[in-house]
Amino acid sequence: MKIPAMKRRDFLKVGGGVVAGAAVGITGTNLGNNLGAGGELAAVASSRGLTGAEARAALTSVVPPGKYDPYFMFASGGHSGQISIIGIPSMRLLKIIPVFTRDSFSGYGFGTDVDGVIPRGSDPTKSNLLSWGDTHHPALSETEGRYDGRWLYVNDRANGRIGMVDLADYKTKQIYDIPNIGSAHGGVFVTPDSEYAHVSSITPRPITDNGYAPLESYADLYRGFSSWCAIDQTTGHLVPEKSFQIELPPYNQDLADMGKLASAGYGFLNSFNAELSVGMSHKNPPIEIGAAKNKYDYLHVIDWKKAEKVVAAGKIIMRNGIRVIPLEVAISEGILHFIPEPKNPHGVEVSPDGNYIVIAGKLDPAVTVYSITMIKKAIEDKNFEGTDRYGVPIIPITAVTAAHVELGAGPLHTQYDGKGNAYTSLFIDSAIIKWTLGPDAGVTEKPFTVLEKIPVHYNIGHLAIPGGDTVAPVGTYMVALNKWSLDQVQKLGPQHPVNLELFDINHTPPRVLSSLPLGGSEPHYAQIISVDRLNPLTVYPPGTNPETMAKSEFATASGQERIVRADGFVDVYATVMRSHFTPEQIPVTVGEKLRIHLTNIETAENATHTFAVPNHNLQATLDPGETVSVEFTADRVGSFAFYCAQFCSAMHMEMYGWLLVAPTGA
Ligand code: RUQ
Ligand code: CUA
């Protein structure tokens with residue numbers, strides 16, 4: 001769009017003195033004059049064809065070189081199987097953490113195939129080696145309901161697994177292939193003091209020994225599971241022996257959230273397909289029709305504190321290596337209750353004080369708001385309207401509904417700003433609705449009232465506000481995670497990026513600041529943490545194995561490099577530093593088994609090297625202080641020049657050596 005010069009100047013003025021010094025918080029007459037409507041900034045905006053609002057947005061969100069973002073957004077990466085870290089408000093992509101999928105940049109899965117995080121995260125009884133995943137819901141660890149910056153968990157929606165990232169070095173330390181579930185969507189959420197990371201199955205699985213059952217026996221032999229994966233309080237690792245599951249009816253247990261403060265001790269799981277639709281056959285409709293027949297599905301209310309006690313009392317069975325509370329026990333012990341919820345809902349998100357549980361309708365153009373006080377009372381009074389077909393007591397929806405707020409088409413997810421407001425995404429309307437919570441959240445003036453409709457581009461799924469799902473949200477910025485980008489980006493071939501949009505929600509009405517079209521797979525959910533909560537390492541203590549965070553038994557100091565032949569292995573103890581591998585020559589005979597233990601003996605920040613071996617699919621990355629072991633058989637004769645793939649120094653091109661695989665008898 002071409003705007004005549006005069007007109008542009010007018011925009012700058014009309015925009016409320018947008019680029020005037022005072023409006024951007026700059027004082028001082030000289031600066032003010034220079035930046036004012038007739039000054040240099042105005043000229044820059046004008047020459048770039050920016051409107052006043054656009055220029056203001058740029059100034060509000062720019063993070064100049066050498067200055068830092070106050071917030072990090074940890075965003076899932078969908079079927080890339082990764083996590084992305086995006087600076088807020090700069091919207092710069094700062095880092096990618098591979099979790100379920102191999103990544104040659106970080107060397108993840110390309111050096112330690114024999115015994116690495118990825119292979120150990122595939123249960124061989126359940127699957128072959130899995131080398132990708134579908135990350136959906138990152139969950140930062142919490143203390144007293146606030147992000148504490150220690151660890152991050154994320155689900156693999158494809159394979160029913162959960163990954164654990166240590167925020168000391170931003171690396172994946174563990175993948176837990178959760179028994180009894182085949183796919184997992186609901187969660188991850190952590191309990192307010194990180195006792196558990198929770199995941200539930202989205203599609204039920206047969207509880208038969210071989211994991212197969214015909215769909216005719218769906219109601220009897222298929223089951224869902226709510227998984228409470230115990231977190232080791234020192235390492236953040238998930239501990240299968242301390243974890244437990246709750247058997248659930250074969251509905252599709254979908255999104256979930258953890259109770260906090262007023263609702264502490266409860267977990268809330270949405271579901272769909274209470275109809276038990278299994279798909280099209282001669283008399284049955286397709287799943288999307290069959291699963292939406294009934295007016296209601298069931299919100300699952302789980303008393304996990306009670307479940308813990310029942311587990312401790314031994315009222316469990318063991319199933320595939322995990323303790324399971326059978327469905328009948330969950331019912332008889334009062335662990336599981338249902339509340340009808342408008343059919344096929346999407347998100348369930350608990351308000352910061354824990355008082356309200358907000359269910360986004362998806363097919364219902366409204367959110368249904370349940371009150372925890374009313375839920376507790378209904379349970380206490382045994383105010384039930386019968387049970388479902390499995391005997392789970394149903395609390396009448398009328399007994400617990402605080403409000404049903406009309407928002408618009410396709411409500412999916414809700415975040416909070418800590419000021420009594422909720423923000424709900426509308427997928428179909430491509431908008432976010434800002435609305436007020438009710439009296440229990442301290443809002444008395446206009447409870448459950450729509451305040452703003454904020455347009456987004458396009459088809460928003462999740463949204464994220466700093467701490468927006470914790471007890472202490474900070475209503476400064478908001479990111480819309482849009483699934484379509486359409487005309488927001490120039491053509492890049494038939495596949496489009498997803499589009500993240502940043503909003504200033506300090507301002508009323510909220511203002512759009514910038515967007516980040518992301519050329520990778522979809523970040524489904526994201527959490528935004530204040531950077532001052534994070535305390536990462538800059539270099540590892542010498543010889544650290546990042547997987548254990550302890551000194552590797554193979555750590556090698558300068559001067560101790562050696563090649564040892566024993567027990568059928570050639571063990572190479574090597575060091576790397578700018579710009580040298582020691583040893584530089586690794587002579588072996590074809591068929592020998594190698595274990596190459598490399599230690600980066602650098603102590604300088606940023607001095608990363610790699611060990612890349614041609615034709616062997618090997619690429620190990622070594623950060624300063626790190627020790628990595630790679631294991632492989634020298635299965636072909638040849639002279640292979642291994643090298644460092646990270647441009648580390650002026651003599652980086654010279655940083656290579658020789659793997660010499662001689663023929664037998666040479
Ligand atoms: S879901 S777009 Cu995978 Cu989090 Cu709602
Ligand atoms: Cu080390 Cu390049």
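Start by selecting Lys171, Asp623 and Glu626, which are joined in a network of salt bridges. A salt bridge here is a side-chain nitrogen of Lys or Arg within 4 Å of a carboxyl oxygen of Asp or Glu. Side chains of opposite charge can pair when their charged atoms come close.

Before you go on, note that this is a predicted model, in which local features need pLDDT of at least 70 and side-chain atom pairs pLDDT 80 or more, while totals for chains, interfaces and linings use all residues. Side-chain values use heavy atoms, without hydrogens or water, residues are numbered from 1 along each chain as its sequence is written, and chains are lettered from A and ligands numbered from 1 in the order in which they are written.

The structure holds 16 salt bridges. Next, pick Arg120 and Glu547, whose side chains meet in one at 2.4 Å, N to O. This pair ties together distant parts of the chain, 427 residues apart: Arg120 sits in helix 5, and Glu547 in the loop between strand 32 and strand 33. (Helices, H or I of at least four residues, and strands, E of at least two, are DSSP runs numbered from the N terminus.) Arg120 counts as partly exposed because its relative accessible area is 48%; buried means under 20%, exposed over 50%, and partly exposed in between, with a 1.4 Å probe and protein chains only.

Now move to Asp429 and Lys453, a salt bridge with its closest N and O atoms 3.5 Å apart. Asp429 is in the loop between strand 24 and strand 25, and Lys453 in strand 26, 24 residues apart. Is Lys453 buried or exposed? At 51% relative accessible area, Lys453 is exposed.

Then select Lys593, in strand 38 (residues 593-600). Which residues does Lys593 contact, leaving aside neighbours within four places in sequence? They are Gly568, Phe569, Val570, Phe632 and Thr633, where contact means heavy atoms within 4.5 Å. Lys593 and Val570 are 23 residues apart in sequence, yet 6.0 Å apart in space, C-alpha to C-alpha.

For a last stop, color Tyr643, Tyr656, Trp658 and Leu660, which make a nonpolar surface patch of about 360 Å². Such patches take residues with over 30% relative accessible area and no salt bridge, joining nonpolar side chains (Val, Leu, Ile, Met, Phe, Trp, Tyr) within 5 Å and like charges within 9 Å; accessible areas come from the Shrake-Rupley method with a 1.4 Å probe, and for residues only the protein chains shown count as cover. Strand 43 (residues 656-662) gives the largest share of the patch, 3 residues.
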